[in-house]
Amino acid sequence: MSKLNIVLFGPPGAGKGTQSNFLIERYGLVHLSTGDLLRAEIKAESPLGKEAKELMDQGELVDDAIVIGMIRNKMEAHLDAKGFIFDGFPRTTPQAEALDAMLEGKGEPISHMLALEVPEAELVKRLIGRGATSGRADDKDEAIIKNRIREYENKTAPLKDYYRAQGKYTPVDGVGSMEEITERLVKAIG
Ligand code: ADP
């Protein structure tokens with residue numbers, strides 16, 4: 001059976017992490033979140049974590065080579081997975097190209113790129129709300145939140161065209177209850 005490899009795409013605060021949790025359960029997939037992997041490195045106080053923390057705390061993207069390497073390692077650790085949900089990756093064109101190259105080598109291309117669409121004012125509201133409980137430094141300050149959204153618009157949103165050209169880009173309304181949004185994603189997966 002062919003594998004189900006999903007890119008769950010969207011700006012910071014769009015709900016990628018929350019929805020990933022539903023989708024991994026439902027389809028038996030492995031969740032690969034570069035944000036979670038980077039926060040684990042920070043917690044472990046590794047050299048990589050120290051380098052990443054400075055960038056993440058400012059709302060800047062971490063270097064492509066670092067996140068691509070982390071994804072490659074995790075994929076190799078789960079060779080028998082039914083498929084993957086890529087959450088927060090790819091975020092740049094070089095990342096998307098590297099992911100395609102890795103998957104092509106295995107004959108298991110991306111099945112769907114699902115893009116959660118949420119207006120900016122709602123994103124800022126959600127992230128500030130999350131900052132009150134998450135303890136994440138990058139959720140506390142409105143200027144840093146705005147910087148993350150700017151990084152998304154400049155470097156990440158262009159990937160919609162990248163996946164559109166492959167016939168895989170599927171926009172999904174990311175405003176509504178958690179269950180409603182899950183339903184929309186499940187429908188899009190088909
Ligand atoms: P959010 O989607 O809410 O921004 P993430 O956990 O996905 O949360 O990302 C948090 C931070 O981690 C980003 O602002 C960025 O600094 C870094 N990061 C995560 N994934 C990537 C990636 N693929 N490329 C570069 N930086 C990344």
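Helix H9, residues 178-189, has 12 residues and reaches 17 Å from its first C-alpha to its last, close to the 16 Å expected at 1.5 Å a residue; the expected span is 1.5 Å times one less than the number of residues. Helices (H or I, at least four residues) and strands (E, at least two) are DSSP runs, numbered from the N terminus. The model is predicted: local features need pLDDT of at least 70 and side-chain atom pairs count only at pLDDT 80 or more, while totals for chains, interfaces and linings use all residues. Residues are numbered from 1 along each chain as its sequence is written, and side-chain values use heavy atoms, with hydrogens and water left out.

The buried residues of H9 are Ile181, Thr182, Leu185, Val186 and Ile189. They cover an arc of only 140° around the axis, which puts them on the same side of H9; the arc is that of the directions from the helix axis to the C-beta atoms. These buried residues pack against strand E1 (6-9), helix H1 (16-27), strand E4 (112-117) and strand E5 (169-173). Just after H9, Gly190 takes a positive phi of about 85°.

Strand E4 contains His112. This residue counts as buried because its relative accessibility is 17%, buried meaning under 20% relative accessible area, exposed over 50% and partly exposed in between (1.4 Å probe, protein chains only). Leaving aside neighbours within four places in sequence, His112 is in contact with Leu4, Asn5, Ile6, Val7, Lys168, Ala188 and Ile189, where contact means heavy atoms within 4.5 Å.
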